[in-house]
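Here is a friendly walk through one model, with an eye on helix packing and on the spaces inside the fold. Please keep the viewer open as you read.

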Amino acid sequence: MLGESLTRRIRQGIEIRNEEAEIENCKGEKIVVLVNVAVLAEKNEEIGTLCVVKNITEIKRAERRLKSNEERLKDLIESTSEWIWETDDKGAIIYSGAGIKSILGYEVKEVLGREVSGIMPEGESKRFMECLVNVKRTGKPFSRFVTFGFHKNTGSKVIIESNGVPVYDEIGVFKGCRGASRDITGVKTAQESLDRMVEELRRSNVELERFAYVVSHDLKEPLRMVASYVKLLQKRYRDKLDKDADEFIDFAANGAERMSRLIDDILEYSRVSTRGSEFEKVAVKEVIARVLDILRFKIKDSGARINVEGDLPEIIADPHQLTQVFQNLLENAVKFSRTGEPEIKISAEISEDTVCFRVADNGIGIKKDYAEKIFDVFQRLHSMDEYDGTGIGLAIVKKIIERHSGNIWVESPGEGFGSVFVFTIPHKK
Ligand code: ADP
């Protein structure tokens with residue numbers, strides 16, 4: 001059972017110490033045993049042999065598993081671009097993966113036993129030591145700790161992000177830290193330039209808005225003067241000059257009026273982000289009721305039928321701006337109707353984190369090519385003779401929706417088939 005060699009040596013009374021053997025048990029299964037044989041003697045006389053055979057199959061299996069786990073871990077540590085490290089409680093590096101080479105250019109043997117201060121600038125290693133002290137004090141891991149160092153060969157600055165956990169010995173005494181670090185220079189640089197661009201854009205936007213506001217505000221005064229004097233001319237000299245003169249004065253009066261509307265719209269547009277109110281809980285049902293009341297004459301004149309389908313939720317929004325959104329969309333739905341009675345449907349669909357509103361009409365529709373353009377300032381698809389307007393209503397709507405972190409778009413099967421304006425607003429339960 002124990003194999004030829006072992007059996008022979010036991011028979012011969014040869015001592016055996018901790019010898020492993022693979023044998024078959026009575027069920028025919030292969031097991032590993034540890035064999036110890038001692039020769040018993042009395043007065044120099046051999047009186048027998050003591051043979052102890054211990055089944056160590058499970059221990060061997062566990063050993064194999066442990067070894068394979070260790071190898072897997074070693075392979076991972078060596079192949080990852082992250083730097084896996086361990087320091088003692090004084091900040092000396094007592095373990096290092098090969099990742100240090102790609103991050104800071106050092107060989108593993110160059111950093112082993114070295115203090116962190118040996119491979120990082122003074123201020124940064126001081127910060128790392130403070131982090132270590134904090135881990136020791138709180139017992140808590142740290143994550144996304146950002147420091148920087150300089151590459152050993154190129155001297156270039158490397159921004160490093162690290163995570164780490166405390167390490168304790170068998171009796172719970174703090175021994176140091178182990179963790180992983182990665183080079184985030186590229187990400188950080190890209191992030192910084194993106195942040196700079198966003199900031200520049202924000203500033204230039206604010207400047208542009210201020211400019212639009214100031215210019216339109218300042219233009220209003222002289223325009224008011226022009227308009228009132230042209231009106232005076234109209235009143236005082238109608239039918240007193242020739243026919244041409246009456247027509248020219250009418251053109252001037254219409255032009256002044258249109259310009260005044262344009263300026264008001266630009267002012268309105270520039271106020272969306274600067275003069276918005278705080279967000280609050282708004283019942284959309286009440287907003288729609290208010291808008292229908294504001295538009296009651298236009299609705300009556302056009303013979304439009306406006307239906308609210310299903311329930312309308314409460315959302316967090318600027319109530320005045322939300323009113324403006326629905327007012328502009330409904331005004332357009334009534335205005336851009338085909339001949340016949342406009343039919344308009346309003347609905348809302350609540351999903352996990354957004355509410356999706358739809359304002360659908362059966363009007364003239366919009367060609368696909370213009371579906372995005374119409375949201376730009378002064379973009380109109382028709383002449384003033386066909387449909388009155390300044391071309392800024394949808395731009396204001398879009399700006400308001402964006403201020404609410406939502407999106408807006410139009411769905412239209414094409415010209416003559418109606419339009420559906422869809423917008424989303426984040427929904428916080
Ligand atoms: P305005 O209504 O003053 O022209 P808007 O910014 O509100 O300006 O709309 C821009 C253009 O988008 C309109 O001139 C029109 O061509 C188109 N549009 C807007 N709403 C609709 C609609 N419901 N149906 C068809 N076209 C529309």
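## Helix packing and open spaces

Helix H6 passes helix H7 in a left-handed crossing, where left-handed says that the near helix is turned anticlockwise from the far one by less than a right angle, and right-handed that it is turned clockwise. Before going on, note that this is a predicted model, in which local features need pLDDT of at least 70 and side-chain atom pairs count only at pLDDT 80 or more, while totals for chains, interfaces and linings use all residues. Residues are numbered from 1 along each chain as its sequence is written, and side-chain values use heavy atoms, with hydrogens and water left out.

H6 covers residues 185–237 and H7 residues 243–274; their axes come within 8 Å and cross at roughly 155°. That makes the pair roughly antiparallel. The contact of H6 with H7 holds 16 nonpolar, 7 polar and 6 charged residues.

H8 and H10 have axes that come within 9 Å and cross at roughly 55°, so H8 is oblique to H10. Here H8 passes H10 in a right-handed crossing.

A few conventions apply to these helices. Helices (H or I, at least four residues) and strands (E, at least two) are DSSP runs, numbered from the N terminus. Axes are lines fitted to C-alpha atoms, for helices over the stretch in contact, with angles from 0 to 180 degrees between N-to-C directions. Angles under 35 degrees count as roughly parallel, over 145 as roughly antiparallel, 65 to 115 as roughly perpendicular and the rest as oblique.

How confident is the predictor? On the pLDDT scale (confidence in each residue, from 0 to 100), the chain has a mean of 90, and 99% of its residues reach 70 or more.

Now to the spaces. On a 1 Å grid over the protein atoms alone, a cavity is a set of points where a 1.4 Å probe fits but cannot get out; a pocket is an open set with protein on both sides within 12 Å along at least five of seven lines, and lining residues have an atom within 4 Å of a point.

| Space | Volume | Lining by class |
|---|---|---|
| Largest cavity | about 140 Å³ | 10 nonpolar, 4 polar, no charged |
| Largest pocket | about 830 Å³ | 11 nonpolar, 13 polar, 11 charged |
| Second largest pocket | about 310 Å³ | 10 nonpolar, 2 polar, 5 charged |

Ala, Val, Leu, Ile, Met, Phe, Trp, Tyr, Cys and Pro count as nonpolar, Asp, Glu, Lys and Arg as charged, and the others, Gly among them, as polar.

The structure holds 1 cavity of 30 Å³ or more. Of its 14 lining residues, Trp83, Met120, Phe128, Ser162 and Ser181 are the closest to the centre. Strands E4 (83–88), E6 (142–150) and E7 (157–168) each give two or more residues to this lining, and E4 has the largest share, with 3 residues.

Which residues lie closest to the centre of the largest pocket? Out of 35 lining residues, they are Asn332, Lys335, Phe336, Gly389 and Gly393. H7, H10 (319–335), H11 (393–403) and strand E15 (419–426) each supply at least two lining residues, and H10 has the largest share, with 8.

The second largest pocket is lined by 17 residues, with Asn205, Leu208, Tyr269, Val377 and Lys399 nearest its centre. H6, H7 and H11 each supply at least two of the lining residues, and H6 gives the most, with 5.

Definitions and conventions:
Grid points are joined across faces, edges and corners, and a volume is the space filled by probe spheres set on the points. pLDDT is the predictor's confidence in each residue, from 0 to 100.
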